[in-house]
Amino acid sequence: MAHTNHNSIPAWSWVAPLLACVLLALKFGGVVPADHVAVLLAATVLLGACVFASVHHAELLAVRLGEPYGSILLAIAVTIIEIGLIVSIMASESPGSMTVARDTVFSAVMIVMNGVIGLCMVLGARLHHEQEFQIKGASSALAVLGTLAVIALVLPNHVLTAPGPFYSTVQMVVIGVASLVLYATFVFVQTVGHRDYFIMKEADYDDAISAKDMPSNKTSLITLGLLLVALTAVVLLSKALSKSIDDTVAAFGLPPAFVGVLHCKNSAPACVCF
């Protein structure tokens with residue numbers, strides 16, 4: 001983010017959500033056929049553009065909020081995108097839709113922890129040669145991520161109250177509450193208890209983000225509105241494309257779990273920007 005003027009809003013970042021809203025209005029209004037190839041292609045392109053627009057606006061707000069609150073905002077934006085993609089497929093009730101959440105989470109963990117972080121390390125080393133990071137903050141984040149991944153992906157294989165690798169209703173409630181408590185504890189540590197574990201040195205941060213580069217109040221308010229519009233467009237577009245994604249995967253003879261990989265690929269730009 002160094003040497004970037006965050007007071008300007010690129011045209012593409014508001015044109016894409018606007019076009020997406022127009023397309024959605026035409027689709028839900030019955031003006032254009034929902035299953036037409038041109039409509040599906042336009043929805044796919046606009047979905048990707050809205051994902052980039054969402055993260056761009058979230059990044060501007062993150063600069064305004066500062067660390068570690070900016071990272072939390074980016075995480076929330078990425079989470080909303082992921083949930084929108086997952087719920088849209090699960091709501092379609094197509095074959096394999098009930099396991100798409102697990103498949104997407106597994107794909108996200110593998111792609112982010114291996115692909116994205118590895119790519120950042122390689123490119124960062126090429127650009128900066130020697131990089132710095134907060135070992136205590138990274139260890140805390142990995143500990144929480146590892147625990148949540150085991151709870152969601154491994155533990156269901158060892159419970160016997162429901163057939164297959166699934167939690168029972170009571171277990172899902174308990175696990176859900178435990179996961180929320182665990183994440184809330186991590187956020188408390190990140191923002192209050194040990195905030196210094198997750199921020200840059202003040203001198204480095206001040207050098208990276210100067211006062212003239214900081215988004216103004218007006219820009220921040222406009223960006224917040226565009227972020228909400230872009231996120232809404234992502235959720236609705238993913239719902240509109242959910243059946244087409246299922247049909248495409250089935251047409252190529254791929255396993256239903258591949259839908260989770262596609263969902264993770266759709267949100268990968270958000271993870272990279274994050």
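Predicted model: local features only at pLDDT ≥ 70, side-chain atom pairs only at ≥ 80, totals over all residues.
**Reading a helical chain, feature by feature**

Visitor: Which kind of aromatic pair do Tyr-183 and Phe-186 form?

Guide: The general idea is to look at how far apart the ring centres are and at the angle between the ring planes, where angles under 30 degrees count as stacked, those over 60 as edge-to-face, and the rest as tilted. The count of aromatic pairs in this structure comes to 1, and that pair is Tyr-183 with Phe-186, whose centres are 6.4 Å apart and whose planes make an angle of 40°, so that the pair is tilted.

Visitor: How many helices and strands does the chain have?

Guide: The chain has 9 helices and 0 strands, so that, read from the N terminus, its elements run α-α-α-α-α-α-α-α-α. Of the 274 residues in the chain, 37% are buried, and the accessible surface comes to about 15,600 Å², with 72% of it belonging to carbon and sulfur atoms.

Visitor: What share of the contacts joins residues 24 or more positions apart?

Guide: Among the contacts in the chain with a separation of 6 or more, 76% are between residues 24 or more positions apart. Leaving aside neighbours within four places in sequence, Leu-40 is in contact with Ala-34, Asp-35, Leu-241 and Ser-244.

Visitor: Which residues is Ser-13 in contact with, neighbours within four places in sequence left aside?

Guide: Ser-13, which lies in helix α1 (residues 11-28), is in contact with Ala-53, His-56 and His-57 once those neighbours are left aside. Ser-13 is also buried, with a relative accessible area of 0%, and its side chain reaches the backbone oxygen of Pro-10 at 2.6 Å.

Visitor: How many disulfides does the structure hold?

Guide: A disulfide requires two cysteine sulfur atoms within 2.5 Å, and the structure holds 0 of them. Cys-50 is in no disulfide, because the nearest cysteine sulfur, that of Cys-21, is 7.3 Å away. Cys-50 is buried, at a relative accessible area of 0%, while Cys-120 is partly exposed, at 42%.

Visitor: What is the phi of His-129?

Guide: Most residues other than glycine have a negative phi. His-129, although it is not a glycine, has a positive phi of about 70°. His-129 is found in the loop between α4 (100-128) and α5 (135-154), and it is exposed, with a relative accessible area of 66%.

Terms used: Residues numbered from 1 in each chain as written. Heavy atoms only, no water. Buried < 20%, exposed > 50% of the residue type's maximum accessible area, 1.4 Å probe, protein only. Helix = DSSP H or I, 4+ residues; strand = E, 2+ residues; numbered from the N terminus. Polar contact = N/O pair within 3.5 Å; in protein donor to acceptor, adjacent residues only side chain to side chain. Contact = heavy atoms within 4.5 Å. Phe/Tyr/Trp six-rings, centres within 6.5 Å; stacked < 30°, edge-to-face > 60°. Areas by Shrake-Rupley, 256 points an atom, 1.4 Å probe, with all protein chains shown as cover.
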